[in-house]
Amino acid sequence: MECVDTRKLQLQQQQQQLQQPQPQQQQQHFHVLAVDDSVIDRKLLERLLRGSSCKVTCVDSGDKALKYLGLIDDIDDTSSSSLESSSSPSPQPLQQEGIKVNLIMTDYCMPGMSGYDLLKRVKGSSWKDVPVVIMSSENVPSRISMCLEGGAEEFLLKPLQLSDLDKLQPYFLKSLDNSCEKESANNSIDSDNNENVINNNNSNNSNNSISKRKAMSPEPHQERSRPKMKGLAVV
């Protein structure tokens, strides 16, 4: 009970700090997927990130995070909390919204799929280049080492502070660089495909033109040879 009261006080303090005017930062275009089964921790993280002009999508389980990323199709909705369903609608999968995720922040200890399990699923998928940050209220060195070795970019201790956002700056930039590289590669592929289509069309047009010229040109007159019989020409 005391822990809950402390987090509520932390949430109120962060809300007062975020009400102060802050300059627009570069990460205003970044989208963060926040995964935590605690309503209070989700709200605190959401306020921190939105105060830094980030777009935030919150889910309460690893399964819902995977569904949002399009890595699984169906999950058991009975596991969702009543507070989450009443406060906000379920986020639609990315295939429907057509948006990107630049950073994933997940709690370590969650019922069902842990933050470490979610980390391994993300790193083994097409989202492997997206930075993943693990959060936990327990400072366990072996757990921290396991997550960092498994591909996590950072391991943050709860409750999060505004100063923790400074640690996320390099991962925002890293995700932006990866997005730019993919976009450039896709544009290059599209350009090559368009060039091949144009070349093929030109080649087909050239072949059709040659075929038409052959069809229209008259055949050369061949003089009929007169049959000969025993050296005499037949008149």
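This is a predicted model: local features need pLDDT of at least 70, side-chain atom pairs count only at pLDDT 80 or more; totals for chains, interfaces and linings use all residues.
Visitor: Which residues are linked in a network of salt bridges?

Guide: Asp36, Asp41, Asp107 and Lys158 are. A salt bridge here is a side-chain nitrogen of Lys or Arg within 4 Å of a carboxyl oxygen of Asp or Glu. Residues are numbered from 1 along each chain as its sequence is written, and side-chain values use heavy atoms, with hydrogens and water left out.

Visitor: How many salt bridges does that rule give?

Guide: The count comes to seven. Asp41 and Lys158 make one of them, at 3.1 Å from N to O. That pair links distant parts of the chain, with Asp41 in helix α2 and Lys158 in the loop between β5 and α8, 117 residues apart. Helices (H or I, at least four residues) and strands (E, at least two) are DSSP runs, numbered from the N terminus.

Visitor: Are Asp41 and Lys158 buried or exposed?

Guide: Asp41 is buried, at 7% relative accessible area, and Lys158 counts as buried at 14%. Buried means under 20% relative accessible area, exposed over 50%, and partly exposed in between (1.4 Å probe, protein chains only).

Visitor: What does Arg50 pair with?

Guide: Glu46, with the closest N and O atoms 2.9 Å apart. Arg50 is partly exposed at 44%, whereas Glu46 is buried at 17%.

Visitor: And what about Lys64?

Guide: Lys64 forms a salt bridge with Asp60, where the closest N and O atoms are 3.4 Å apart. Lys64 and Asp60 are both buried.

Visitor: OK, zooming out. How many helices and strands does the chain have?

Guide: Eight helices and seven strands. Of the 235 residues, 34% are buried. The chain exposes about 15200 Å², and carbon and sulfur atoms supply 50% of that; the areas come from the Shrake-Rupley method with a 1.4 Å probe, and for residues only the protein chains shown count as cover.

Visitor: In what order do the strands of the open sheet come?

Guide: Five strands form it, in the order β2-β1-β3-β4-β5, with parallel pairing. The edge strands are β2 (55–59) and β5 (154–157), each pairing on one side only. From one strand to the next, the twist averages 20°. Two strands pair if DSSP finds at least two bridges between them.

Visitor: How many bridges join β1 to β3?

Guide: Four, between residues 31–35 of β1 and residues 103–107 of β3. Val32, for instance, has Leu103 in β3 as its bridge partner.

Visitor: Which helices pack on the sheet?

Guide: Among them is α2 (residues 39–51), which touches β1, β2, β3 and β4 (132–136) and makes about 170° with the direction of β2. Another is α6 (residues 115–123), touching β1, β3 and β4, at about 175° to β4. Contact means heavy atoms within 4.5 Å. The axes are lines fitted to C-alpha atoms, for helices over the stretch in contact, and angles run from 0 to 180 degrees between N-to-C directions.

Visitor: What span should α2 have?

Guide: 18 Å for its 13 residues at 1.5 Å a residue, and its end C-alpha atoms are 18 Å apart, which agrees. The expected span is 1.5 Å times one less than the number of residues. Buried residues in α2 include Leu44, Leu45, Leu48 and Leu49.

Visitor: Switching to backbone geometry: where is the cis peptide bond?

Guide: The cis bond joins Lys158 and Pro159, with omega about -10°. Pro159 lies in the loop between β5 and α8 (164–216). Just after α2, Ser53 takes a positive phi of about 65°. Most residues other than glycine have a negative phi, and most peptide bonds are trans.

Visitor: What does His29 touch?

Guide: Ser53 and Asn102, leaving out residues up to four places away in sequence. His29 lies in the loop between α1 (2–18) and β1 and is exposed at 67% relative accessible area. His29 and Phe172 are 143 residues apart in sequence and 9.8 Å apart in space, C-alpha to C-alpha.
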